[in-house]
Amino acid sequence: MVDTPPEIKEKRFGRVVPILLVLVGLLALGLVFRWGRPVKPVVRVEWKGLIALSPPEVLSYLGVDPKAPNIGDWKDWEKRLANHPRIRKVRITRDPDGFLIINLQEKVAEFVIHVGNSLYEVDEDLEIISRDRVLADHLIVISGQFTVGEQKLEGRQIFDITKEMRHAISLYPALKSRISELAVERDGNYTLYLKSPNPIKVYLGDKLELNVFRKLYASLAYMEAESVKAVSIDLRGEDAVYH
């Protein structure tokens with residue numbers, strides 16, 4: 001191994017330092033040019049992350065006219081949108097070119113819960129996203145006499161039902177697009193309403209368990225294979241009964 005004389009090392013270092021200083025200077029100059037120039041007033045809003053919500057709905061929530069929005073007073077929007085029931089996270093940044101960038105992360109509705117005369121969109125934690133204003137498409141409705149808290153659905157029954165439904169759909173995903181509603185009757189029995197292949201009422205009995213969904217999936221496969229037409233299916237016995 002050959003040692004480099006100290007004077008050569010010093011010369012190399014002396015050449016590198018000016019290059020680094022030039023690069024740092026250019027970077028600083030670019031930042032000054034970018035951020036040191038006058039900031040333009042906000043003239044346009046860019047939206048990111050919207051799913052069920054729309055820009056007019058968000059602006060209306062903020063008390064801003066969607067048709068003629070006054071976006072000059074936007075500095076408290078992030079704080080106010082953080083309290084929106086459909087929004088999980090929000091970040092608002094302002095671009096020097098006059099763009100206001102609103103980046104949202106919406107809560108995802110999993111089911112619609114029908115209690116009394118109201119419909120509640122809820123997420124996987126049963127937190128209420130909306131009341132009587134369903135925006136998400138193709139959600140399964142679960143009807144029953146459940147307890148509605150201030151911010152979420154409460155009680156062991158609705159927790160167990162949604163857990164079982166979630167598990168069944170994960171194993172038989174084709175059922176998700178076919179089930180319209182699951183109703184918990186006053187006598188404790190469960191009734192399922194299908195919208196595909198045609199409107200069908202399904203009697204499940206007093207237990208909501210995975211075996212019932214397996215029987216339902218097999219029954220629908222049999223109906224389609226054998227061209228069986230029915231308006232109701234009774235799954236309360238050992239074998240499915242078609243009417």
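R86 is buried, at a relative accessible area of 3% (buried is under 20%, exposed over 50%, and partly exposed in between, with a 1.4 Å probe and protein chains only). The model is a predicted one, where local features need pLDDT of at least 70 and side-chain atom pairs count only at pLDDT 80 or more, while totals for chains, interfaces and linings use all residues. Residues are numbered from 1 along each chain as its sequence is written, and side-chain values use heavy atoms, with hydrogens and water left out.

So what does R86 pair with? Its side chain meets that of E121 in a salt bridge, at 2.5 Å from N to O (a salt bridge being a side-chain nitrogen of Lys or Arg within 4 Å of a carboxyl oxygen of Asp or Glu). E121 sits in strand β5 (residues 118-122) and R86 in the loop between α3 (77-81) and β2 (87-94), so the pair ties together parts 35 residues apart in sequence. Helices (H or I, at least four residues) and strands (E, at least two) are DSSP runs numbered from the N terminus. E121 is buried as well, with a relative accessible area of 0%.

A search of the whole structure turns up 10 salt bridges. One of them joins the side chains of E110 and R166, at 2.7 Å from N to O. Here E110 is in the loop between β3 (99-106) and β4 (111-115) and R166 in helix α4 (residues 156-171), so this pair ties together parts that are 56 residues apart in sequence. R166 is partly exposed, at 29% relative accessible area.

R178 and E224 form another salt bridge, with their closest N and O atoms 2.7 Å apart. This pair links distant parts of the chain, 46 residues apart: R178 is in the loop between α4 and β10 (179-184), and E224 is in helix α5 (residues 210-226). R178 is buried at 17% relative accessible area, whereas E224 is partly exposed at 44%.

On the nonpolar side, the largest core has 36 residues, and I113, F146, L153, I161, M165, V202 and L204 have the most contacts inside it (a nonpolar core is a set of buried Ala, Val, Leu, Ile, Met, Phe, Trp, Tyr and Cys residues joined through side-chain atoms within 4.5 Å). Two or more residues come from each of β4, β5, β7 (140-143), α4, β10, β11 (190-194), β12 (200-205) and α5. Neighbours within four places in sequence aside, I113 is in contact (heavy atoms within 4.5 Å) with S118, L119, Y120, V122, I142, F146, L153 and I158. Another core lies apart from this one, with 17 residues including V45, L53, V58 and I102.
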